[in-house]
Amino acid sequence: MGKKSLEIGDFEKTVYLTIKTVFEDSGLTYDQLAKATGVPKATLHDRLSVKRPATLTELEKICKALHLSLSEIVKQAEQS
């Protein structure tokens with residue numbers, strides 16, 4: 001029995017794209033973000049490109065590295 005792939009919903013996509021915008025505005029590289037979060041560069045790229053869903057732990061680490069809380073990101077995404 002293989003793993004069932006999770007579908008990424010519209011709001012979740014908006015959250016990832018909001019994080020990606022903050023990341024791009026930060027001036028950090030994927031290498032720097034990977035080092036700051038402990039999340040592999042390829043995984044970060046997949047998450048921020050909305051290819052695969054992130055775990056809450058990954059989202060929390062990414063937000064922390066970007067000096068934001070997850071709740072701030074969700075609030076920004078809700079306003080989009």
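A salt bridge here is a side-chain nitrogen of Lys or Arg within 4 Å of a carboxyl oxygen of Asp or Glu. With that in hand, take Glu58 and Arg47: their side chains meet in a salt bridge, 2.8 Å from N to O. Glu58 sits in helix α4 and Arg47 in helix α3, so this pair ties together parts that are 11 residues apart in sequence. Both Glu58 and Arg47 are buried. Keep in mind as you look around that this is a predicted model.

**The salt bridges**

How many salt bridges does a search of the whole structure find? The search turns up 3. Here they are side by side:

| Glu58 | Arg47 | 2.8 Å |

Lys41 is partly exposed, at a relative accessible area of 43%.

Is Asp46 buried or exposed? Its relative accessibility is 18%, so Asp46 counts as buried; the cut-off for buried is under 20%. Arg52, at 41%, counts as partly exposed. Asp46 is found in helix α3, which runs over residues 41–48. Setting aside neighbours within four places in sequence, Asp46 is in contact with Lys51 as well as Arg52.

Helix α1 covers residues 10–26, which makes 17 residues. From first C-alpha to last it reaches 24 Å, close to the 24 Å expected at 1.5 Å a residue. Which residues of α1 are buried? They are Val15, Tyr16, Thr18, Ile19, Val22 and Phe23. Because these cover an arc of only 155 degrees around the axis, they end up on the same side of α1. The general rule behind this kind of pattern is that an α-helix has 3.6 residues a turn, so residues three or four places apart point the same way.

Turn to the other side of α1 and you'll find Asp10, Glu24 and Asp25 exposed. The buried residues of α1, meanwhile, pack against α2 (30–37), α3, α4 (56–65) and α5 (70–79). After α1 comes Gly27, which has a positive phi, near 85 degrees.

**The nonpolar core**

The largest nonpolar core has 21 residues, and those with the most contacts inside it are Ile19, Leu33, Leu44 and Leu66. Helices α1, α2, α3, α4 and α5 are the elements that give two or more residues to this core. Which element supplies the largest share? That would be α1, with 5 residues.

Ile19 is a handy place to start clicking. Not counting residues up to four places away in sequence, Ile19 touches Leu48, Leu59, Ile62, Cys63, Leu66 and Ile73. Ile19 is one of the buried residues of α1.

**A look at Ala36**

At 55% relative accessibility, Ala36 counts as exposed, since the cut-off for exposed is over 50%.

Methods: Residues numbered from 1 in each chain as written. Predicted model: local features only at pLDDT ≥ 70, side-chain atom pairs only at ≥ 80, totals over all residues. Heavy atoms only, no water. Helix = DSSP H or I, 4+ residues; strand = E, 2+ residues; numbered from the N terminus. Buried < 20%, exposed > 50% of the residue type's maximum accessible area, 1.4 Å probe, protein only. Contact = heavy atoms within 4.5 Å. Expected span 1.5 Å × (residues − 1). Arc of directions from axis to C-beta. Core = buried A, V, L, I, M, F, W, Y, C linked by side-chain atoms within 4.5 Å.
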